[in-house]
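Here is my note on the fold, for your comments. Please read it with the model open.

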Amino acid sequence: SVQTMAAAWHFRGLLVLCVLASAASFTVPSLFERCLPSPGRAAAGAQITRLSASSSPSDPADLLIIGAGTLGSLLAEQYMAKFPGANVIAETKSNKRHDALAALGVSPRIRDHAPPAPAKSVVFCAAPGGNDDYVGETKRAVSLWGGPKGGRMVMTSSAGILSETDGGVVDESSPIDDGSPRTAKLKGCEDAVLGAGGAVVRLAGLYALDRGAHSFWIKSGKCTGLKDGLIGLVSYEDAAGSVLSCLTCERSVEGEVFLVADDSEQTRKDIIDSAMKTKMWGGYKYPELADSGDPIHAKGIGKRYNTAKIKTTGWVPKYPSFDAFCELNK
């Protein structure tokens, strides 16, 4: 009948309006809501409000993390916990971690895609290994930062560039090892960031339960280096926390270097003893202690870390030592 056909066309019209309004809900919420039955209007209105409040694709990200591997992913998790709903982009070489990053509320992206707009804050924590132009990558990261007026930039570097090997205490002003090509590369990266007004955190040896020096020694069955040589360590979780502190603390970090380690150096033997107490490593054979130095793993006794400066940002390690970490993972 004519009435039936009219009703059908009216219903189709409402469906078209619903689709159009949904696609452009930030401009016509009232039209979209009128397409819905009464019980759904309140929920639809709330959804539209969330859509309209979200950031536009052209808005600068609150934080861009370049090199969202183990450390970068932990930083993303900690940042989102501190700032729920923040616009965070995490850049990686592959999409291996993208599902996990997206689950945190972070927007993952591939390094080789077109670069994003400059972000308010940037963290460059890509590993130097396997990167032929690490200085160039650092300078690219600097170019993707909006500058010190709108946010902060932090680069993760290594405390291994410090030349001390005789058991002395080191801090941010300690001499670096000028004769090492690796040091020269890292120093060039640091200078690029510091010159732009960013900050650098020099991290001691990183570890998690399943990775770090202890993992390498136990799996290989041999510990290279002096068994009583001191090793400074910091967990990946605490390292990420130090970066977060530099991004968010009240004090200025512009152009500054921070040395980051836990509160207690351990000898190589002590590190292995601690790891062997855990459920993960307790079943492995105790590795051979070579007790000899070499230019890569041990030039001498090692160094002790003065971390007073990073603690002025409010950072304190969750795990005061590797042994304390292992005690929690027995």
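The points below cover the sheet first, then the helix packing.

1. Basis. This is a predicted model, in which local features need pLDDT of at least 70, side-chain atom pairs count only at pLDDT 80 or more, and totals for chains, interfaces and linings use all residues. Residues are numbered from 1 along each chain as its sequence is written, and side-chain values use heavy atoms, with hydrogens and water left out.

2. Seven strands form an open sheet with parallel pairing, in the order 3-2-1-4-5-7-12. Helices (H or I, at least four residues) and strands (E, at least two) are DSSP runs, numbered from the N terminus. Two strands pair if DSSP finds at least two bridges between them. Strand 3 (107-110) and strand 12 (257-260) are the edges, each pairing on one side only. From one strand to the next, the twist averages 20°.

3. Strands 2 and 3. Strand 2 (residues 88-92) runs parallel to strand 3, and four bridges join them. Isoleucine 89 has serine 107 of strand 3 as its bridge partner. With helix 5 (residues 98-103), these strands make a right-handed β-α-β unit. Right-handed here means that, with the strands pointing away from the viewer, the path from the first strand over the helix to the second runs clockwise.

4. Helix 4 and helix 9. The axes of helix 4 (residues 70-82) and helix 9 (residues 236-248) come within 8 Å and cross at roughly 55°. Helix 4 is therefore oblique to helix 9. Angles (0 to 180 degrees, between N-to-C directions) use axes fitted to C-alpha atoms, for helices over the stretch in contact. Under 35 degrees counts as roughly parallel, over 145 as roughly antiparallel, 65 to 115 as roughly perpendicular and the rest as oblique. Contact (heavy atoms within 4.5 Å) involves residues including Leu71, Leu74 and Tyr79 of helix 4 and Ala240, Val243 and Leu247 of helix 9. By class, this contact has ten nonpolar, four polar and two charged residues. Nonpolar covers Ala, Val, Leu, Ile, Met, Phe, Trp, Tyr, Cys and Pro; charged covers Asp, Glu, Lys and Arg; the others, Gly among them, are polar.

5. Helix 6 and helix 7. Helix 6 (residues 134-143) packs against helix 7 (residues 181-195) at about 15°, with the axes 9 Å apart. That angle makes helix 6 roughly parallel to helix 7. Among the contact residues are Val135 and Val142 of helix 6 and Leu186 and Cys189 of helix 7. Seven nonpolar, one polar and two charged residues make up this contact.
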